[in-house]
Amino acid sequence: MTRFAAFPLLAAFVLAGLGAGCSQTLDPPVQDDLDDTEYTLTTHDSTAVTFPDGYSGDVLVVGYVYTQCPDVCPMITANMKKIRAALESTDGVRFVTITFDPERDTPSRLHTYRAAYGIDAPTWDFLTGRPETIDQLMKRMGVRTSRTSTNPNAPADTTDTYFINHTDQITLIDARGRVRGEYMGSRTPPKYIVEDIQKIRS
Amino acid sequence: MIDALSKRLPVRSGGGPWQGSGGGSWAVSWAVSWGVALSLSAVLLLAGCTGDDSGDAPPDETPLPSSKLDVDQPWVRPAAPGGNSALYMTILNGTSTPDTLLDVTAPVIDSIQIHQTVDSAGTMRMQPLGETLPLPPKTRVTLEPGAKHVMLMNLSQPLTDGESIVLDLDFAQKGLLRVRAPIRVEAPPSGRES
Ligand SMILES: [Cu+2]
């Protein structure tokens, strides 16, 4: 191969490299594009909504809980409240809490729970759905769950009452339905998530 | 580097194609976008924050009461009816004899369990600690979010943020102690609440 032939080849490599670089320059970077998915869910007001499409155009802060969870899940919700309070403006930012216990967390139960937690902002929905839908959604978002009996002495297959072991996570989704951040829901200090929200918004 | 980060903040430990082998995609994205120098400082920042951020830290330690058992700053989480709440507090056993928390009762509470929340590879789990809570002599036992707590189970009424609930704590030695616990989304700020 002559030097003349090699040069354009090299240039092409450099350009390709730059191009690849450009798609990575989003900060924080895209971790998953939810463009190919659509989950039909129900809000605490029993309204149908598609996730994440129904929220496109806004940055979404997503938390995952079940209402029988009194320790870690409230820490996640409290963290989301702090994030919300720390934002100079909540314009263009919506909050969503999705249950991974759809069998017990009916819309009306979510309604009561949301009120008990003092959340009344119309831009903060609590969502449930059909168990298969929730299951697929949680898998896609990387939230793992497993049931455990509330009775430590009960056989493992007891189904009456249960706790759920679960991933502790908050997800940040941009206005175009792309996952831009995953955090430890109960433990990541709100300021880091607020910083990422500001970056995504600007 | 990334391992150190993900151990501190294991965002998740199994998952999507964007996931590095160490988990912790948040940490990974920081490292990628900011380079090693900045992620180093992130480690330092996080190291300072994971333990005691967000005002959850207990207030300056109240001295143990001399020759008595007392309870400091009890509070409970909101809950829907049929749901569960958690009770947090510091129990100060200033006596020279061991005591035991046997039960926590209120008309709305069906039963209780004593739990320890544990993080197993990013999955949060509540581990039963037994029927009762031992309170060694001259010791403080702290129940706090993400750690030890008393589960108040199967509540017959909602517990609403901003309200409070009267609880009877039943101790083996001290007997009954009645406390009023505020219902809060998160821990009371440091210092005493009025
Ligand atoms: Cu518990």
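These legends describe close-up views of a predicted model. Local features need pLDDT of at least 70 and side-chain atom pairs count only at pLDDT 80 or more, while totals for chains, interfaces and linings use all residues. Side-chain values use heavy atoms, leaving out hydrogens and water.

**View 1. The open sheet of chain A has 8 strands.** Their order is β1-β10-β9-β4-β5-β6-β2-β3, with mixed pairing. Strands are DSSP runs of E, at least two residues, and helices are runs of H or I, at least four, numbered from the N terminus. Two strands pair if DSSP finds at least two bridges between them. At the edges lie β1 (32–33) and β3 (48–51) of chain A, each pairing on one side only.

**View 2. Strands β4 (residues 59–65) and β5 (residues 93–99) of chain A run parallel.** They are joined by 7 bridges. A:L60 stands opposite A:R94 in β5(A).

**View 3. The copper ion is held in a tetrahedral site.** Its protein donors are B:H115 (ND1), B:M126 (SD), B:H149 (NE2) and B:M151 (SD), at 2.1 to 2.3 Å. Donors are N, O and S atoms within 2.8 Å of the metal (3.2 Å for Na, K and Ca); water is not among the atoms, so sites may look incomplete. Angles among the 4 donor atoms are 102 to 120°; four donors count as tetrahedral if all angles lie between 85 and 135 degrees.

How values were computed:
Residues are numbered from 1 along each chain as its sequence is written. Chains are lettered from A and ligands numbered from 1 in the order in which they are written. Four donors count as tetrahedral if all angles lie between 85 and 135 degrees; four count as square planar and six as octahedral if opposite donors are over 155 degrees apart and all others between 65 and 115; anything else is irregular.
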